Amino acid sequence: MSRHHRIANAIVAIALVLGFSWLCTMLFALLGNQTDWSKAWNYRETLFRGWWMTLRISLMALVGSTFFGLLFMFGQRSPLVVVRWTCRAFLEFVRDTPLLVHLLFGYFVIFAPLFSRTLGDQGLDDKLIIGVLLLSVFEGAYLGEILRGGVESIPKTQWESARAVGFSPIQVYRYVIFPQALRRVLPAMAGLFVSLIKDSSLLNVIGVAEYFYNTKSFISRSYAGLEGYVPLALGYLILTLPVAWLSHWLEKRFRHET
Amino acid sequence: MKLEVTELTKCYGKTRALDALSLAVESSRVLVLIGPSGGGKSTLLRVLGGLDVGDSGQVTINRQPILTDPNALQAYRRKNGFLFQQFNLFPHYTARRNIALPLEKVHGFSPAEAAAMTEQALARFSLLEHADKLPSQLSGGQQQRVGIARAVARPPEILFLDEPTSALDPEMTAEVLELIQELSEAGQDIILSTHEMGFARAVANQVAFVAAGKIEELSPPDELFGSPKSPLCQRFLSRVMRY
């Protein structure tokens, strides 16, 4: 870095810090006398239950979206034209409509009338299950495209060599294509899983008691402001940052190998 | 090996890669395919090696017809070996793993047996010092040698080599050709295509000149290189031998 750059860097850094502290000071001055962190502490159990639910939803949807992602990827590579086109059309529909619409429409119009009673009779949380399913399909649609891109980026010679050594079609994917493709799409996948965690907050519209839902009800019951939103943001960061770090780490690890 | 190809045709779109090609070899250990690029050598090798199926025609190797059903083709590929011009190895596995993996997963050897066979193959081709390197850490010639070691770790009925040295510089070409010659001297049946005429002459029992999707001429090397009969073959040889 040249000297000019260093000076410019320092100036910009100072300006940013000053600006940010001014903003914080102003906000706290405005809200200071109303901010009462004990409110959040009193509701800690509800908040934690919500956060725990968000974690569970994310893990389940992670598995679910991987399943749907693989399904959509193989569907689009199917030798049958009908399967390919159906997949294509479905993916296009899913990716070009808001998740909020899927959740509302999918829950209230499609799945709740069909399964709610059956699931409820078995003592299961129908909102959670249907919500996770819809979230999995939505994220799976993106994952399917990411995986397809990865698989299609593997050079033809690798497919040929794998066939030449006698691998079965499944073994070709298992030992040759997926290990290479996954390395290439890992950063994109991690990005998607971060989105998935954040998108799980939308499940509040069908009444799943996840972190956002519980925080919202805490805020409306206790007239809280900052006390609700700051833990909300931090709670999501605790879930998303490790995923982001993991992806950077894996990316670095695999980079020199291929 | 005994090889019989009758009226084999293969089209890619509108291009006729193989045009009712017929070929009969009674018994030959090393069959070398030569000819101009785009003449059908690779396609013929791919069909013979079970990687592609002809649109029509029949191929019989050692009295066994090659079937077109995917499972039969896979079984057929499993008992043979095939090597391409380059990028044969799986870049995410070490040389050792590249050889051992098919032994375990395709041929069903236990990990210990596979490891022993791999060790033997690596030693045979003086590749032990490179055993734990990734393909990207090997030279092109070393990569091809590992590729060959992988193909013959479990002795194949026939070893197919599609221009195995085309992507290599002269020195590496020599090291790979030496290895192929060694294999042929050890009794391995080989069908290969090449642009190395000197090598073809030295190693082949039969040479087939392939052009425009047909076999133009098939003779023992001394005959084909000494006094080619087909005008196409004469022209090709006079051209490639000039420099």
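**Figure 1. Helices H4 and H6 of chain A pack against each other.** In this predicted model, helix H4 (residues 81-95) and helix H6 (residues 126-152) of chain A pack at an angle of about 120 degrees, and their axes lie 9 Å apart. Helices (H or I, at least four residues) and strands (E, at least two) are DSSP runs, numbered from the N terminus. Axes are lines fitted to C-alpha atoms, for helices over the stretch in contact, and angles run from 0 to 180 degrees between N-to-C directions. H4(A) and H6(A) are therefore oblique to each other; angles under 35 degrees count as roughly parallel, over 145 as roughly antiparallel, 65 to 115 as roughly perpendicular and the rest as oblique. The crossing of H4(A) with H6(A) is left-handed, a term for a near helix turned anticlockwise from the far one by less than a right angle, with right-handed used if clockwise. On the H4(A) side the contact is made by Leu91(A), Val94(A) and Arg95(A). H6(A) contributes Val137(A), Phe138(A), Ala141(A), Tyr142(A), Gly144(A) and Glu145(A). Two residues are in contact if their C-beta atoms, placed from the backbone, lie within 7 Å. By type, the residues of this contact between H4(A) and H6(A) are six nonpolar, one polar and two charged. Ala, Val, Leu, Ile, Met, Phe, Trp, Tyr, Cys and Pro count as nonpolar, Asp, Glu, Lys and Arg as charged, and the others, Gly among them, as polar.

Residues are numbered from 1 along each chain as its sequence is written, while chains are lettered from A and ligands numbered from 1 in the order in which they are written. Since the model is predicted, local features need pLDDT of at least 70 and side-chain atom pairs count only at pLDDT 80 or more, whereas totals for chains, interfaces and linings use all residues.

**Figure 2. Helix H3 of chain A also packs against H6(A).** Helix H3 (residues 44-76) of chain A meets H6(A) at an angle of about 50 degrees, with the axes 6 Å apart. That angle makes H3(A) oblique to H6(A). H3(A) passes H6(A) in a right-handed crossing. The contact of H3(A) with H6(A) consists of 15 nonpolar, eight polar and two charged residues.

**Figure 3. Four strands of chain B form an open, antiparallel sheet.** The order of the strands is E2-E1-E4-E5 in chain B. E2 and strand E5 (64-65) of chain B each have a single partner strand, so one side of each is left without a neighbour in the sheet. Strand E1 (residues 3-12) and strand E2 (residues 15-25) of chain B pair in the antiparallel sense over seven bridges; two strands pair if DSSP finds at least two bridges between them. Across this pairing, Cys11(B) stands opposite Arg16(B). E1(B) and E2(B) form a hairpin with two residues between them, and Gly13(B) in the turn has a positive phi of about 60 degrees. E1(B) also runs antiparallel to strand E4 (residues 56-61) of chain B, joined by five bridges. There, Glu4(B) stands opposite Thr60(B). Helix H1 of chain B lies across E1, E2 and E4 of chain B, at about 60 degrees to E2(B).

**Figure 4. Six strands of chain B form an open sheet with mixed pairing.** The strand order is E6-E7-E8-E3-E9-E10 in chain B. Strand E6 (81-83) and strand E10 (214-219) of chain B are the edge strands, and each pairs on one side only. Neighbouring strands of this sheet are turned by 15 degrees against each other on average, direction ignored. Strand E3 (residues 30-34) and strand E8 (residues 189-193) of chain B pair in the parallel sense over four bridges. In E8(B), Ile191(B) is the bridge partner of Leu31(B). Helix H1 (residues 41-48) of chain B lies across E3, strand E7 (158-162), E8 and strand E9 (206-211) of chain B, running at about 150 degrees to E8(B). Helix H5 (residues 140-152) of chain B lies across E6 and E7 of chain B, at about 165 degrees to E6(B).

**Figure 5. Chain A touches chain B.** In this contact, 18 residues of chain A meet 17 residues of chain B. Helix H7 (156-164) and helix H8 (169-199) of chain A each supply at least two residues of the chain A side. H7(A) gives the largest share of that side, six residues.
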